[in-house]
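Thanks for coming. I will go through the charged pairs and then the aromatic rings.

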Amino acid sequence: MLPEFYWRCMTSPLDRKTVSAIQHDGLVPEARVFDQLYSIGQNAVSAWALDTSDGITLIDALNSEAEAREIMLPNMVRLGLDPKRIRYLIVTHGHGDHWGGAKFFQDTYGAKVVLSQADWDMIERPDRGGGPIADLLPPRRDIAARDGDKITLGQTTVKLYVTPGHTPGTLSASWAAPAAAAAAKPSKLRLPR
């Protein structure tokens with residue numbers, strides 16, 4: 001089995017030879033998941049765009065600058081999201097398959113990168129937290145999130161929680177659905193018996 005496979009469950013869809021041996025092409029269609037949340041990642045690693053009236057908050061940045069440029073950006077454009085509106089990038093944890101494209105968004109669009117203190121420390125170590133990403137340059141440290149910190153853009157406030165486990169400083173996030181969506185009747189899901 002590939003050493004890279006031990007480090008993370010899947011591999012980059014841009015590595016066509018390796019990926020074809022363990023999964024389909026790795027690319028999944030971009031989608032509006034609900035309200036203002038969009039899926040812009042790939043099947044092995046998710047990435048999200050939270051669109052607000054005052055800009056976009058990205059959640060995770062895939063494996064590398066190449067994936068940010070060749071997967072995330074085209075997905076955003078196809079969904080009608082303007083990358084120039086990116087204001088923040090929340091990295092959920094310090095594994096390279098979630099922060100690999102962060103420096104690209106920081107340098108290209110001025111995104112403020114958010115990680116927990118523990119995971120900033122991890123990605124700034126010489127081995128970048130281990131795995132095949134030791135050669136990647138991490139983003140510049142912008143915001144070290146603490147449990148309960150909030151990021152507000154427009155009418156949307158994202159609350160961050162430090163939830164250690166997967167990494168020492170894994171971040172989880174929550175936000176309220178827009179008022180119109182919150183007032184809507186929930187749909188009933190019928191499961192097969």
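How many salt bridges does a search of the whole structure find? The search gives 10. Bear in mind that this is a predicted model.

I start with the pair of Glu 30 and Arg 78, whose side chains meet in a salt bridge at 3.1 Å, N to O. Glu 30 sits in the loop between α2 (16-22) and β1 (31-34), and Arg 78 belongs to helix α3 (residues 65-78), so this pair ties together parts 48 residues apart in sequence. Glu 30 has a relative accessible area of 22% and is partly exposed; Arg 78, at 54%, counts as exposed.

Next, a pair within helix α3. The closest N and O atoms of Arg 69 and Glu 65 are 2.8 Å apart, and the two residues form a salt bridge. They are four residues apart in the helix, so about one helical turn separates them. Arg 69 is partly exposed at 36% relative accessibility, and Glu 65 is partly exposed at 42%.

Another salt bridge joins Asp 127 to Arg 125, with 3.1 Å between the closest N and O atoms. Asp 127 has a relative accessible area of 35%, which means partly exposed.

Now the rings. There are three aromatic pairs in the structure. One of them, Phe 104 with Tyr 109, is edge-to-face, at 6.2 Å centre to centre and 85° between the planes. Phe 104 is buried at 11% relative accessibility, whereas Tyr 109 is partly exposed at 23%. Ring pairs also link Phe 104, Phe 105 and Tyr 109 into a cluster.

Key. Residues are numbered from 1 along each chain as its sequence is written. This is a predicted model: local features need pLDDT of at least 70, side-chain atom pairs count only at pLDDT 80 or more; totals for chains, interfaces and linings use all residues. Side-chain values use heavy atoms; hydrogens and water are left out. Rings of Phe, Tyr and Trp (its six-membered ring) pair if their centres lie within 6.5 Å; planes under 30 degrees apart count as stacked, over 60 as edge-to-face and the rest as tilted. Buried means under 20% relative accessible area, exposed over 50%, partly exposed in between (1.4 Å probe, protein chains only). A salt bridge is a side-chain nitrogen of Lys or Arg within 4 Å of a carboxyl oxygen of Asp or Glu. Helices (H or I, at least four residues) and strands (E, at least two) are DSSP runs, numbered from the N terminus.
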